[in-house]
Amino acid sequence: MDLIAPILLSSSGPRPASQASDRLPLAIREGLQRSQDTEAALRRFRTALDASADMVLLIDIRRHRFIDFNESVCKQLGFSRDELMRTGPGHIRVDTPNEVLDREFEDLVASTMRSDFAVATYRRKDGSTFPVEVRRTVHDTPEGPILVVAARDLSERQAAEERQAVLARYREALARFGQEALGKREPGELVAEAIQAVAEGLGAEAVLYVEPGPQPGELVLRAGFGYQSEVMAAAPGNAIETAFSSSEPFVGSGSALPFAWARAYGSAAVVAVRGDNTVRGALCVLSRAEDAYWADELGFLRTATSLLSTGLQRIDGERRLAYLAQFDPLTGLANRTLLADRFGQMIAQAKRSGRPLSVLFIDLDDFKLVNDRLGHAAGDLLLCQVALRLQGAVRAGDTVGRISGDEFAVVLGDLASAEDAALVAQKILERLAEPVALAGEQTFVTGSVGIAGFPSDGHDVETLLGAADAAMYRAKQSGRNGFEFYTTEITQRTRARAQLAFELRHALERNEFTLFYQPKFDLASGKACGAEALLRWKHPQRGLVPPEEFIPVLEDTGLIVQVGEWVIRRACEDIKAWIAAGEQPLPVAVNLSARQFRARDLDNRIRALVAAAGVDPALIELEITESQLMQDPEHAVRILRSLRDGGIRIAIDDFGTGYSSLAYLTRFPVKALKIDRSFVADVFSDHADAAIVRTIIEMAHQLGFTVIAEGVETERQAAFLRQFGCEQAQGFLFAPPMPAAELLSVRRLH
């Protein structure tokens with residue numbers, strides 16, 4: 001049956017069967033039956049049509065009137081059936097004038113297909129409009145052509161498409177900002193990129209970055225657009241302070257912000273930008289429209305803020321590492337590298353000017369006693385006080401640096417005469433002799449100063465520093481708390497080192513070396529998980545000689561290569577002894593010296609030593625410093641890969657002091673990083689050190705490295721490291737270095 005017929009006929013009521021139909025002729029009864037069947041089919045068709053979610057309308061093309069429509073038309077347009085039956089398509093089709101509709105209908109009737117698709121706009125009874133997708137089909141009837149229109153509401157589909165477009169714009173803005181953030185080195189540039197990304201993503205009319213001011217309650221509008229820059233005192237409880245103190249963003253009107261001009265905005269959102277245990281600032285967005293910021297917008301703003309926070313922390317960490325590459329982290333003085341660079345420039349200037357230049361090498365007298373009696377914290381405080389006094393004793397153009405430990409150097413340029421250096425040395429000694437308050441008591445310290453001059457005592461940095469160092473040891477030999485000029489005579493310092501080198505050559509033959517072990521502990525379980533082998537020298541007359549006294553001599557003389565191989569052999573022997581005693585052996589870490597690492601056949605020699613001992617290579621870990629890797633990267637890659645292939649683990653020692661890139665370290669087959677003890681010591685006193693430690697742990701984990709912390713001395717430090725996922729630690733909090741026999745007992749206790 002034709003589609004139109006049942007719809008046109010559906011308005012007729014059902015025809016009841018005649019009670020006497022059984023008495024009618026057969027032909028009449030059959031006709032009545034067919035009529036009843038047709039009406040039942042019409043009712044079923046009308047029920048199905050009314051159940052459709054799509055709108056179906058029948059239009060008399062000639063009269064521009066509705067003939068019929070299903071229930072969905074009334075529901076979606078809000079008109080009653082009678083109201084619509086008195087109107088035509090032009091009443092609900094608001095995007096097209098009637099004369100245009102006439103032409104469209106005529107074209108449809110004349111077309112071959114007599115059907116088309118279109119997108120139109122319908123009007124509801126309340127005046128609101130919505131988009132629809134329509135299919136129009138012309139049908140011929142005896143009364144003339146009829147247009148059947150099937151229309152579907154596109155509102156939800158368009159809203160979904162618009163939302164997907166918005167989310168795509170958010171993703172694009174965030175991806176672009178994330179890429180830009182990787183290359184920024186200045187906080188201001190990164191903040192500007194964040195503001196631009198938020199403005200583009202949200203289409204905000206004002207975006208600003210606000211920081212806490214220098215005074216309590218002050219806010220500083222640091223960057224942005226669409227606002228007036230100002231520094232102001234904000235009333236307590238304002239929207240920005242609320243965001244600072246909460247993990248949730250603030251959403252409200254612009255009047256909640258502490259800026260008079262913001263009252264013109266109907267919507268505002270504020271998300272805090274957080275650093276390490278503090279709030280750095282907040283991103284604020286404003287729109288003149290009300291209720292402009294919902295879940296999607298806030299999710300975008302949160303992500304942008306997180307990227308900004310991460311980027312700012314990365315810049316802080318990089319700046320800190322760059323600073324550490326040139327400056328001593330404890331005193332803030334130039335380190336040896338920067339001192340040598342400045343010293344070299346001053347030598348070049350002295351050559352041009354012909355004026356003398358001097359270098360003073362200063363060593364504190366009996367500094368070790370301060371550490372032993374008052375602790376390392378007091379010793380560090382003393383070193384900082386010494387740095388300040390040295391700076392106060394020289395001119396602004398002179399250079400003061402910390403060489404190592406309690407050794408300092410001062411470079412004096414443009415002197416009137418070489419003897420003027422003695423005046424400065426005496427001034428330094430007088431400043432050092434002043435009492436220092438340490439650990440609640442007055443402490444006195446003195447220094448010994450060696451002086452060397454250009455050009456009389458040398459023409460380059462290392463020669464002059466060495467001469468001043470030798471003169472300083474002569475000052476110590478002469479009774480301390482004084483100064484000496486360098487002379488060509490062999491100083492007591494030189495003779496002492498020569499004697500020490502002589503004794504060290506025989507120490508290996510006489511079996512005077514031994515190994516102590518400092519255990520490493522798993523921070524999660526608290527169990528011992530390894531140990532570091534530490535070289536000790538039992539001198540027949542002096543007893544245990546401090547490592548810092550004899551190891552530099554081993555390096556200078558080249559004996560470190562032989563002694564280093566002895567360390568590996570002895571560590572393997574101790575491991576075998578533990579196994580023979582029925583104990584589960586701990587992996588042992590052995591330090592490689594710079595001179596050892598330069599050997600071209602180092603890998604073959606170490607692998608041969610381990611193989612000859614019959615020890616599982618996985619129980620040996622070699623520790624090298626960043627600087628050793630950077631001196632000859634290609635050599636380092638070859639050696640370390642060969643050792644890795646032999647089953648030996650590699651760890652980077654004292655990480656953070658060499659200013660190498662974590663990403664660069666992925667070139668090397670490294671399994672673990674050891675955070676330098678100087679960072680661990682200051683995690684609670686220096687926010688920058690805490691940020692560096694956290695950054696190193698996070699980035700190391702992303703690159704697949706195990707992280708080990710050195711020099712852990714307090715439970716607070718251990719808790720801090722544990723909180724941020726550091727796997728292992730060693731230090732006096734857990735156990736000091738000890739002989740091999742004692743290591744097993746410590747392991748049993750834990």
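Here we talk about aromatic rings and a pair of helices in this predicted model.

Colleague: How are the rings of Phe684 and Phe720 arranged, stacked or edge-to-face?
Modeller: A pair of aromatic rings is described by the distance of the centres and the angle of the planes. Here the centres of Phe684 and Phe720 are 5.8 Å apart and the planes meet at 75°. Planes over 60 degrees apart count as edge-to-face, so the pair is edge-to-face.

Colleague: How many residues apart in sequence are the parts that this pair ties together?
Modeller: Phe684 lies in the loop between helix H24 and helix H25, while Phe720 belongs to helix H26. The pair therefore ties together parts whose separation in sequence is 36 residues.

Colleague: Is Phe720 buried or exposed?
Modeller: Buried means under 20% relative accessible area. Phe684, at 40%, counts as partly exposed. Phe720 has 7% relative accessibility, so Phe720 counts as buried.

Colleague: Which residue lies over the face of Phe684?
Modeller: Besides its ring partner Phe720, Phe684 has a neighbour over its face. At 3.8 Å from the ring centre lies Arg716.

Colleague: Are H7 and H8 roughly parallel or antiparallel to each other?
Modeller: Helix H7 (residues 155-183) packs with helix H8 (residues 187-202), their axes being 9 Å apart at an angle of about 170°. Angles over 145 degrees count as roughly antiparallel. H7 and H8 are therefore roughly antiparallel.

Colleague: How many residues of the contact of H7 with H8 are charged?
Modeller: Among those that meet are Arg169 and Glu180 in H7 and Glu193 in H8. The contact has eight nonpolar residues and one polar, and the charged ones number five.

Methods:
Residues numbered from 1 in each chain as written. Predicted model: local features only at pLDDT ≥ 70, side-chain atom pairs only at ≥ 80, totals over all residues. Heavy atoms only, no water. Phe/Tyr/Trp six-rings, centres within 6.5 Å; stacked < 30°, edge-to-face > 60°. Helix = DSSP H or I, 4+ residues; strand = E, 2+ residues; numbered from the N terminus. Buried < 20%, exposed > 50% of the residue type's maximum accessible area, 1.4 Å probe, protein only. Lys NZ or Arg CZ within 6 Å of the ring centre and 35° of its normal. Axes fitted to C-alpha atoms, helices over the stretch in contact; angles between N-to-C directions. Parallel < 35°, antiparallel > 145°, perpendicular 65-115°, else oblique. Contact = heavy atoms within 4.5 Å. Nonpolar A, V, L, I, M, F, W, Y, C, P; charged D, E, K, R; others polar.
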